[in-house]
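This briefing is intended to be read with the sequence and the structure in view. Please keep both at hand while following the points below.

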Amino acid sequence: DPTQYRSLVGALQYLTITRPDLSYAVNTVSQFLQAPTIDHFQAVKRILRYVCGTQHFGLMFCSSPSPAVFGYSDADWARCTDTRRSTYGYAIFLGDNFLSWSAKKQPTVARSSCESEYRAMANTASELVWLLNLLHELRVGLSATPLLLSDNQSALFMAQNPVAHNHAKHIDLDCHFIRELVASGRLAVRHVPTSLQLADIFTKVLPRPLFELFRSKLRVGLNPTLSLTGGVKSSYQD
């Protein structure tokens, strides 16, 4: 029943507002709303079983005396076998607190892994700029220059090197956007090993140990005060 499938996926999309660990899986099943198959229903059921087993999980926040903004950016080149579009994701922190995240398919086909990673960096930088403006309006002082972390050396080289490259002309706007931020000192970029790339959880399926490790680093964990079932019951009682 496609209607039931859309209803379930819509509910899961709402849940990703506070459960970033569901973002990649929900983003994947959301791409088949028009004509879902039995395999897609099975994937949704598997997500629901995971949610059922982690009902008390949620985002945890703590105070940070000297907050700094930093973000992880990653892309999985040509992930979609039908369109060969890449999947990108980012994870942005304020101190120890997880603030913003995304898992999406890129709107155009990337001709190389460097291109897909660089476009992901541009999207992450755009989100960082928006958050910085918001924090400035709220008069929140930052202890350091915002940092953008990527595991692709070629993309980092393009971000820091002002020399134009022939193979990067078609992503010229993204190049100039990030280079301008780096040159003005509003953003710093740095390499992070793939084993520590937290944004990986938004771009691909991970082995269970690595998934659980990254989930904990995103500060998604057991919170006894949270319960999906309890919240529903209390609303009915009221």
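Helices, of at least four residues, and strands, of at least two, are DSSP runs numbered from the N terminus. With that naming, R219 is found in the loop between α7 and β7. The model described here is predicted.

**Aromatic rings**

- A pair of aromatic rings is described by the distance of the centres and the angle of the planes.
- The count of aromatic pairs comes to 8.
- In the pair of F98 and F202, the ring centres are 6.5 Å apart and the planes stand at 20°, so this pair is stacked. The reasoning rests on a cut-off: planes under 30 degrees apart count as stacked.
- F98 belongs to strand β4 (residues 97-105), while F202 lies in the loop between β6 (188-191) and α7 (208-217); the pair therefore ties together parts that are 104 residues apart in sequence.
- The cut-off for buried is under 20% relative accessible area.
- F98 and F202 also belong to one aromatic cluster, formed with F70, Y72, F93 and W101.

**Salt bridges**

- Side chains of opposite charge can pair when their charged atoms come close.
- How many salt bridges does the structure hold? There are 5 salt bridges in the structure.
- One of them joins the side chains of D74 and K204, with a distance of 3.6 Å from N to O. This pair links distant parts of the chain: D74 is in strand β2 (residues 69-76) and K204 is in the loop between β6 and α7, 130 residues apart.
- D74 is buried, its relative accessible area being 2%, whereas K204 is partly exposed at 21%.
- A further salt bridge is formed by R119 and E115, whose closest N and O atoms are 2.9 Å apart. R119 and E115 are 4 residues apart in helix α4, so about one helical turn separates them.
- R119 counts as buried at 16% relative accessibility, and E115 is buried with a relative accessible area of 3%.
- In another salt bridge, the side chains of E212 and R208 meet at 2.9 Å, N to O. These residues are 4 residues apart in helix α7, so they too are separated by about one helical turn.
- E212 is partly exposed, with a relative accessible area of 31%, and R208 counts as exposed at 64% relative accessibility.
- Salt bridges that share partners join D74, D200 and K204 into one network.

**Helix α7 and its buried side**

- Which residues of α7 are buried? F211, F214 and R215 are buried in this helix. Because they cover an arc of only 105° around the axis, they lie on the same side of α7.
- The buried residues of α7 pack against α3 (38-53), β1 (57-59) and β7 (220-222).
- R219 follows α7 and has a positive phi, near 60°.

**Residues with positive phi**

- Most residues other than glycine have a negative phi.
- R219 has a positive phi of about 60° although it is not a glycine. At 23% relative accessibility, R219 counts as partly exposed.
- R139 is likewise a residue other than glycine with a positive phi, near 60°. Its place is in the loop between α4 and β5.
- R139 is exposed, with a relative accessible area of 77%.

**A nonpolar surface patch**

- Which residues make the nonpolar surface patch? W130, L134, L138, V140 and L142 make this patch, which has an area of about 440 Å².
- L138, one of these residues, lies in the loop between α4 (113-137) and β5 (147-150). At 55% relative accessibility, L138 counts as exposed, because the cut-off for exposed is over 50%.

Notes: Residues numbered from 1 in each chain as written. Predicted model: local features only at pLDDT ≥ 70, side-chain atom pairs only at ≥ 80, totals over all residues. Heavy atoms only, no water. Phe/Tyr/Trp six-rings, centres within 6.5 Å; stacked < 30°, edge-to-face > 60°. Patch = residues over 30% accessible without salt bridge, like charges linked within 9 Å, V, L, I, M, F, W, Y side chains within 5 Å. Areas by Shrake-Rupley, 256 points an atom, 1.4 Å probe, with all protein chains shown as cover. Salt bridge = Lys/Arg side-chain N within 4 Å of Asp/Glu carboxyl O. Buried < 20%, exposed > 50% of the residue type's maximum accessible area, 1.4 Å probe, protein only. Arc of directions from axis to C-beta. Contact = heavy atoms within 4.5 Å.
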